[in-house]
Amino acid sequence: MDLVIANLPFLLKGAYYTLLITLVSMFFGSIIAVVTAIARLKGNRPVRWLARAYVSIIRGTPTLVQIIVVYYGLVDYGINLKPLTAAYIALSISIGAYLSETLRGALQSVPKGQTEAAYASGMTPFQTMRRIILPQAIRVAIPPAGNTFIGMLKETSLVSVITVTELLRSSQLLIAQYYVYMPFYLSIALMYWIMSTGFSFLLERVEKRLSIYV
């Protein structure tokens, strides 16, 4: 464990990139999810078809393949992305598809009578969605979305294949230097667990905070 302690700053830097990738992907993925869910519920037929195709393709292919396609495949078309940028894009697209289904189910759980009441009071469809439907749907979606976010935290390890120096990649570099495996792998497993537990705690607090409006 002396090697782990000596190289702890390097591992913590990897953990920082793991958290950064997770948070950025969660932010942009959530935007994609809202747009996709609304498109599937409120869009015209071509829009609904495109949204459904996006969700089907992303959910039906491995995240690792998506990362490789974004980073290596786009080079064929003259698009050269930095590893970190490719990680943001690939993981945002991936989490957006999964979250969109969670949000779509949450949107459908809001009673239609509330929408009709909002229209009767003079609200536009946009105002109804923003003020009435979305706040309730988000509260319902938080528990399953939390599981998706925690899964995304762990899936950031996949971007090590495109040389992003996140937590797993950091440990691999140290292992290649010292030829010692178990201490580094156990250490990063502990760090992933700590970060996942922290996310779970925060999500529980948010869920309890929103439950006062029920």
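How many helices and how many strands does the secondary structure of the protein come to? The count is 9 helices and 0 strands, where helices (H or I, at least four residues) and strands (E, at least two) are DSSP runs numbered from the N terminus. Read from the N terminus, the elements go α-α-α-α-α-α-α-α-α.

A word on the model before we look around. It is a predicted one, in which local features need pLDDT of at least 70 and side-chain atom pairs count only at pLDDT 80 or more, while totals for chains, interfaces and linings use all residues. Residues are numbered from 1 along each chain as its sequence is written, and side-chain values use heavy atoms, with hydrogens and water left out.

**Overall picture**

Along the principal axes, the C-alpha atoms of the protein fill a box of roughly 70 × 45 × 20 Å. The protein has 214 residues, and 38% of them count as buried; buried means under 20% relative accessible area, exposed over 50%, and partly exposed in between (1.4 Å probe, protein chains only). Among contacts (heavy atoms within 4.5 Å) between residues at least 6 apart in sequence, 75% join residues at least 24 apart.

Helix H2 spans residues 8-42 and includes Phe28. Phe28 counts as partly exposed, because its relative accessibility is 43%. Together with Phe27, Ile31 and Val35, Phe28 forms a nonpolar patch on the surface, with about 400 Å² of accessible area in total. Such patches are made of residues with over 30% relative accessible area and no salt bridge; nonpolar side chains (Val, Leu, Ile, Met, Phe, Trp, Tyr) are joined within 5 Å, and like charges within 9 Å.

Ala33 is also found in helix H2. With a relative accessible area of 3%, Ala33 is buried. Leaving aside residues up to four places away in sequence, Ala33 touches Gly96, Leu99, Ser100 and Leu103. Ala33 and Arg104 are 71 residues apart in sequence, yet their C-alpha atoms are 8.7 Å apart in space.

**The salt bridges**

Side chains of opposite charge can pair when their charged atoms come close. The structure holds 3 salt bridges, each a side-chain nitrogen of Lys or Arg within 4 Å of a carboxyl oxygen of Asp or Glu.

| Salt bridge | N to O distance |
|---|---|
| Arg40 – Glu101 | 2.7 Å |
| Arg104 – Glu101 | 2.9 Å |
| Arg59 – Glu101 | 3.5 Å |

Arg40 and Glu101 meet in a salt bridge. Because Arg40 lies in helix H2 and Glu101 in helix H5 (residues 83-109), this pair ties together parts that are 61 residues apart in sequence. Arg59 also meets Glu101 in a salt bridge. That pair links distant parts of the chain, with Arg59 in helix H3 (residues 45-59) and Glu101 in helix H5, 42 residues apart. Arg104 and Glu101 both lie in helix H5, 3 residues apart, or about one turn of the helix.

Which residues are linked in a network of salt bridges? They are Arg40, Arg59, Glu101 and Arg104. Arg59 is partly exposed, with a relative accessible area of 44%.

Note on methods:
Areas by Shrake-Rupley, 256 points an atom, 1.4 Å probe, with all protein chains shown as cover.
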